[in-house]
Each structure stands twice: as structure tokens, then as C-alpha cells.
Amino acid sequence: QDVETNDDARGGSRSLPRGRVMTESESLPDEVVDHFEGELDEHGLFAWLNFEFLAIEPGRVVFEVPFDEKFANLLSGAAHGGVTATAIDTASAFALRSTFDDPISAKVTTTDLDVRYVNAARDDLRVEATVVHAGGTMGYTDCEATTVREGERKTVATGGTSYRLFRE
């Protein structure tokens, strides 16, 4: 499939060419979106996991991890839980950075990662991280990881993070 459909802020949906990030109009500047995409491409682990942004908005990031057997659990054939946890952690960091005045130079570090596994993922994994609070020194997110099974999107894991925010 070469088109992703994403819900927009008005409750409708719009189709996006694969590989193009959806951003809200007048939200994050293009240079921030381009920089974030470049970070995914240049970071060894993120590139190896094939993380791809589907949406970048202030306080919200959605990306996909294409299923690959190299990420599968040996016994079940489902995506390894560590891949899901890494995706939740990474999406959270980008979502929190998007709330800074200068998201490109923003610095954050994970202080807590909580993942509750619900179902196995045997197809592409989609992770959405939403900022719950981004204060002066601490930030918190809620996250959901989903996959498509039997033609329906199913929850794979839920969780959240807390981060130390390093503001100037």
C-alpha cells in the first residue's frame, strides 16, 4: 500500500503519499519536520528498525515500524517486545521535543518507561505518543502501539513515559 490515511484535526481523514509526514497547518516549521526525519535516518538503531514518521504535530508524534522477521520473537514470531518499547520511548521523545521553542536543539532524557503488552504484533507496528504535560523540567506522555490484524487495527501495547526536559 502506498498511501496512508490519517485522521485530521477536524475529524476527517486525508490521504498521504507514503513517506510524507502529515503536519497541522501552521504547526511545526518544515525545517523541524525535516530535521526530525533526518534524525531517524541518521541514527543507527532507528534506521535499522526502519522507523518512519506518519505524523508530527506539536505534542503528538505517530510513526510506523515495518514488520521484519529480524525483529520477531524466536518462539512466537511476533514483534519482540523490546522493539515496541523502543518505539514508544522514541516517539515520546520526539513528541516532547516538539513542545520546545526550539525542537531541533531540545534535549531530553528518559526517566521512566512503562509498557503494558496487550496483543502480539505480526504486522507493521504503529506507535502514537501524545504529550500529557511538558513542564519546565519534566514531561509525560501517553502512548499506544497498534497493528492490523484480520483487517482491523488492534492495540498491541499501551504505556507512557516520563522525561527530564533540559530547557535553556
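Trainee: What is the relative accessible area of Glu 128?

Mentor: Glu 128 has a relative accessible area of 30%, so it counts as partly exposed. With a 1.4 Å probe and protein chains only, buried is under 20%, exposed is over 50%, and partly exposed is in between. This is a predicted model, where local features need pLDDT of at least 70, side-chain atom pairs count only at pLDDT 80 or more, and totals for chains, interfaces and linings use all residues. Residues are numbered from 1 along each chain as its sequence is written, and side-chain values use heavy atoms, leaving out hydrogens and water.

Trainee: Which side chain meets Glu 128 in a salt bridge?

Mentor: That of Arg 60, at 2.7 Å, N to O. A salt bridge here is a side-chain nitrogen of Lys or Arg within 4 Å of a carboxyl oxygen of Asp or Glu. Arg 60 sits in strand 4 and Glu 128 in strand 6, 68 residues apart, and the pair links these distant parts of the chain. Helices (H or I, at least four residues) and strands (E, at least two) are DSSP runs, numbered from the N terminus. Glu 57 joins Arg 60 and Glu 128 in a network of salt bridges.

Trainee: How many salt bridges does the structure hold?

Mentor: Five. One of them is between Glu 39 and Arg 97, at 2.6 Å, N to O. Glu 39 is in helix 1 and Arg 97 is in helix 3, so the pair ties together parts 58 residues apart in sequence. Arg 97 is buried, at 9% relative accessibility.

Trainee: Changing topic. What order do the strands of the open sheet have?

Mentor: The six strands run 3-4-6-7-8-5, with antiparallel pairing. Strand 3 (52–57) and strand 5 (107–117) are the edges, each pairing on one side only. Two strands pair if DSSP finds at least two bridges between them.

Trainee: How many bridges join strand 7 to strand 8?

Mentor: 12, and the two strands run antiparallel. They form a hairpin with two residues between them, and Glu 150 in that turn has a positive phi of about 55 degrees. Strand 6 and strand 7 pair over eight bridges, and a hairpin of three residues joins them.
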